[in-house]
Amino acid sequence: MNKNIKESFQTRKFKSGTYSVGIVSIAVIIVVVINLLVGALPASITKHDLSYNQLYSLTSTTEEFVRGLKDDVTIYVMTQVGTEESTVMEMLNNYKALSGHIKVETVDPVLHPSFITQYTSESVANGSLVVVSAKRNTIINAADLYETTFNYQTYESQITGFDGEGQITSAINYVTTDDIPTAYTLTGHSEADISDTLSELLRKNSFMLQSLSLYNVESVPEDADCVIINAPTTDISEEEAEKLIAYLEKGGSAMVTDGSVDVEKPNLEKVLEYYGVGLKRGMVIEQDTSHFFYPYVYYLAPDKQRHDIMTSLIDNGYNLFIPFSEAIEKLDSARGSITFEPLLVSTSDSFLRVKENSASESISKIDGDIDGPCNVAVAVSEEHNGVETRLIVFGTSYITDDSANNSSGGSNYQMLANSMNWLAGMDSSIAIPAKSYSISYLQVLSADVNRWMIITLIVIPATILLIGFVVWFKRRRK
């Protein structure tokens, strides 16, 4: 019997089975080892964001900023261990993987109720983040990580977007930056409001926004890094103009948006003219189909000019959406020390429909209209007595409009963020807008509409007919 057992181990069937078991065992070991190795890799390599708009991935702006950190930053997640929001934690791990200066720790507020009192005397919601550096600290409320809107049909709040990256990057920037710039928005002349969306974007870029009435003060506050004059519908007073000029002469900065063609503003224009800027009243109309948004010839997609403000927009191929814009010119009376740099310019096929011709419905140039190209946004600077004055002027008030910004895919507000940084002497913008859960619909350039119309109505049908004819002709010859 022992002989039979011994012989059974020597059969071809046993040897084949032993070989198969060995191969399977080796394969299993290899799979286990691979899984262990892959599991040890960072999530940035093993996980890919397939969501629309890359909701949970970090942008290149954040990646560049975080890799360049020199200060240590600790992000405390205020939640019970094991109940962390997975989306937020994965994003925080992406930050941690980019820089050794970032630490992420979970603090259970139940076990450590006194921890938060180091940073605030107010209660903090579960899931909030405390961002701390040696310079300062800030708290991101859990609700601010998401955008919500109120549905008046269901009477419930609905989450419409994820703002995790925008809030976290802004907080890290805030706690590590050396200086916090302050921008004052001029009031008292029925100015257009700075929307919550734009205010939040500027806050993310570490700007503090304050309102300013020059009626109540002797001068612009000394801590003002910039004054925003956003589409006033009435003129400023002569005294206000003098205060603004005095502020600018000391190295101040200002951003002015305009567009009210029918209202004369001699005092505001006095401030602009002092720095060689003239407003040409009217509305720029574009004739080049690749530079306006179909079907409106006054919805401009102007050419972007090389400037520090425009670099990121040019490099990424972004179009600006500039509706109902006046033209801006450099005055012959401008001092030689003034540098006048166009930022956005219409094409040579455009023209300015002057105020006197505003009643005309023609979209073609008529007598009195002024030939393009036309400046619709400019940057002006002047160095004098050891200080530098900076000024940005937009020919439209819609540059600060949420709807216009949505039509540009966010490019308008990105330019505003870049402009504010330039005015405050900051290097670059790191304000990250919230990522919407819904699909955004962009305005389409007229030239693109025509191109795709030709392709879909002529080229594709003609190609199909040609292929069909060739197949038919070959078969007929057989």
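Student: Which residue has its charged end over the ring of Tyr274?
Tutor: Arg335 does, and its charged end sits 4.5 Å from the centre of that ring. To count, NZ of Lys or CZ of Arg has to be within 6 Å of the ring centre and within 35 degrees of the ring normal.

Student: And what lies over the face of Tyr275?
Tutor: Arg335 again, at 5.5 Å from the ring centre of Tyr275.

Student: Before I go on, what am I looking at?
Tutor: This is a predicted model, where local features need pLDDT of at least 70 and side-chain atom pairs count only at pLDDT 80 or more, while totals for chains, interfaces and linings use all residues. Residues are numbered from 1 along each chain as its sequence is written, and side-chain values use heavy atoms, leaving out hydrogens and water.

Student: OK, rings. How many aromatic pairs does the structure hold?
Tutor: It holds 12. Rings of Phe, Tyr and Trp (its six-membered ring) pair when their centres lie within 6.5 Å; planes under 30 degrees apart are stacked, over 60 edge-to-face, and the rest tilted. One of the pairs is Tyr299 with Phe321, which is edge-to-face at 5.1 Å centre to centre and 75° between the planes.

Student: Why does that pair tie together parts that are apart in sequence?
Tutor: Because Tyr299 lies in strand E13 while Phe321 is in the loop between helix H10 (311-315) and strand E15 (322-323), the pair links parts that are 22 residues apart in sequence. Those labels are DSSP runs numbered from the N terminus: helices (H or I) need at least four residues and strands (E) at least two.

Student: Is Tyr299 buried or exposed?
Tutor: Tyr299 is buried, with a relative accessible area of 18%. The cut-offs are under 20% for buried, over 50% for exposed and partly exposed in between, using a 1.4 Å probe and protein chains only. Phe321 is buried too, at 4%.

Student: Which residues form the aromatic cluster?
Tutor: Phe293, Tyr296, Tyr298, Tyr299, Phe321, Phe324 and Tyr398 form one cluster.

Student: New topic. Which peptide bond is cis, with omega near 0°?
Tutor: The one from Tyr294 to Pro295. Pro295 is in the loop between strand E12 (282-285) and strand E13 (299-300). The bond from Gly372 to Pro373 is cis as well, with omega near 5°, and Pro373 is in the loop between strand E19 (370-371) and E20.

Student: What does Asn375 touch?
Tutor: Not counting residues up to four places away in sequence, Asn375 touches Glu326, Ala327, Ile328, Phe340, Pro342, Leu344 and Val345. Contact here means heavy atoms within 4.5 Å. Asn375 belongs to strand E20, residues 375-384, and counts as buried at 15% relative accessibility.

Student: And where is Asn385 found?
Tutor: In the loop between E20 and strand E21 (387-394). Asn385 has a positive phi of about 55° although it is not a glycine. It is exposed, with a relative accessible area of 68%. Ala231 also has a positive phi, near 50°, but Ala231 counts as buried at 10%.

Student: Let's do helix H12. How many of its residues are buried?
Tutor: 13 of its 14 residues, and H12 is mostly covered. H12 (residues 411-424) reaches 20 Å from its first C-alpha to its last, close to the 20 Å expected. That expected span is 1.5 Å times one less than the number of residues. After H12 comes Gly425, whose phi is positive, near 75°.

Student: Which residues does the side chain of Ser195 reach? Start with the backbone nitrogen.
Tutor: It reaches the backbone nitrogen of Leu198 at 3.1 Å, and makes a polar contact with the side chain of Tyr413 at 3.5 Å. A polar contact is a pair of N or O atoms within 3.5 Å; within protein, one must be able to donate a hydrogen and the other to accept it, and residues adjacent in sequence count only if both atoms are side-chain atoms.

Student: How far from Ser195 is Thr400 in space?
Tutor: 7.6 Å, C-alpha to C-alpha, although the two are 205 residues apart in sequence. Ser195 is in the loop between strand E7 (182-186) and helix H7 (196-204), and counts as buried at 16%.
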